[in-house]
Amino acid sequence: MIPILTYHQIATPPASPSPFRSLSVPVTHFESQMAWLYRLGYQGLSMSELMPYLRGDKTGRVVGITFDDGYLNNLTQALPVLTRMGFTSTVYAVSQMLGQSNAWDQAIGVPKSDLMNASELQTWARAGQEVGSHTRHHVRLLQSSDVVAREEIGRSKAELEDLLGQAVTQFCYPYGEFNATHQSWVEEAGYAAATTTVRSRQRIGAREPMEWFALARVPVVRSTHWTQFLLKILTRHEDRHGAHGAHWALRPQSPDQSPDQAPDQAPDQVGSA
Ligand SMILES: [Zn+2]
């Protein structure tokens, strides 16, 4: 089983009570988490670099590192830590919202936070980190028309590739929302894989081809203590949330309060992803 970590913001969490404050992990915590991985002999990898391990073509102590939404603080706070450890990671950017902010969250009271602009995203990529797509406008695919959903999936890839001058082969579903049709469009658009908010470490070798477009991840939130972080990586702690069996696809993750997410709610399950 290979853990693919989900982060959002690397920042001081907003004052309580604020919705989704869980989604901000202080840089000191992030640094300690990366240092634990390093100490334990794990290599943190971007999704593209993780693929051979997920396929079973390579073996080793590896962890996928992903950041949803493309926050500027990923560049300013996380990148120096990743660079120091020699780790790579994938930021899933929203191609038509570069240089803007998390407008989709502000409607429900989440403080504004800047997203990387075009040149900052280029800086991220030049530093050896990966950019994946998180649609054009951070849409809810299940509430979008077929035409819109397909365009959000396909055109975001083309737009990011134009900007970066390199292939964009990784996708992440906003809010963890998707169905089998969306999976097939992600494949058709030319992505190699897509991640979800389904909670589990990811098994090695997909049971069927469409599983590559519904990969499970392990959320790391504000309150994730380092002992819980290690449990998430090293044990079946996350796997019991069940990414396996027939229900891994087709269904967005249901709200799931685990102890490490209370009392802040489990926003990585029910909202922004
Ligand atoms: Zn998102």
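**Overall composition**

How many helices and strands does the protein chain have? The protein chain has 9 helices and 10 strands, where helices (H or I, at least four residues) and strands (E, at least two) are DSSP runs numbered from the N terminus. This is a predicted model, in which local features need pLDDT of at least 70 and side-chain atom pairs count only at pLDDT 80 or more, while totals for chains, interfaces and linings use all residues. Residues are numbered from 1 along each chain as its sequence is written.

Of the 273 residues in the protein chain, 49% are buried. A residue is buried if 20 or more other C-beta atoms, placed from the backbone, lie within 10 Å of its own, exposed if 12 or fewer do, and partly exposed in between. Among contacts with a separation of 6 or more, 68% join residues 24 or more positions apart; two residues are in contact if their C-beta atoms, placed from the backbone, lie within 7 Å.

**Strand β5 and its partners**

Strands pair if DSSP finds at least two bridges between them. β1 runs parallel to β5 and is joined to it by 4 bridges, with Ile4 having Gly64 as its bridge partner in β5. Strand β4 (residues 43-45) is also parallel to β5, through 3 bridges, and Gly44 has Val63 as its bridge partner there. A further 4 bridges link β5 in parallel to strand β6 (residues 90-93), where Thr90 stands opposite Thr66.

Two right-handed β-α-β units involve β5: one is made by β4, helix α2 (residues 47-55) and β5, the other by β5, helix α3 (residues 72-85) and β6. A crossover is right-handed if, with the strands pointing away from the viewer, the path from the first strand over the helix to the second runs clockwise.

In helix α8 (residues 226-234), the buried residues are Phe229, Lys232 and Ile233. They lie on the same side of α8, because they cover an arc of only 95 degrees around the axis, taken from the directions from the helix axis to the C-beta atoms. Their cover includes α1 (27-39), β5 (62-69) and β10 (215-219).

Pro3 lies in the segment before β1 (4-7). Pro3 is buried, with 25 other C-beta atoms within 10 Å. Leaving aside neighbours within four places in sequence, Pro3 is in contact with Val63, Gly64, Arg201, Val218, Lys232 and Ile233. Pro3 and Glu238, 235 residues apart in sequence, are 9.0 Å apart in space, C-alpha to C-alpha.
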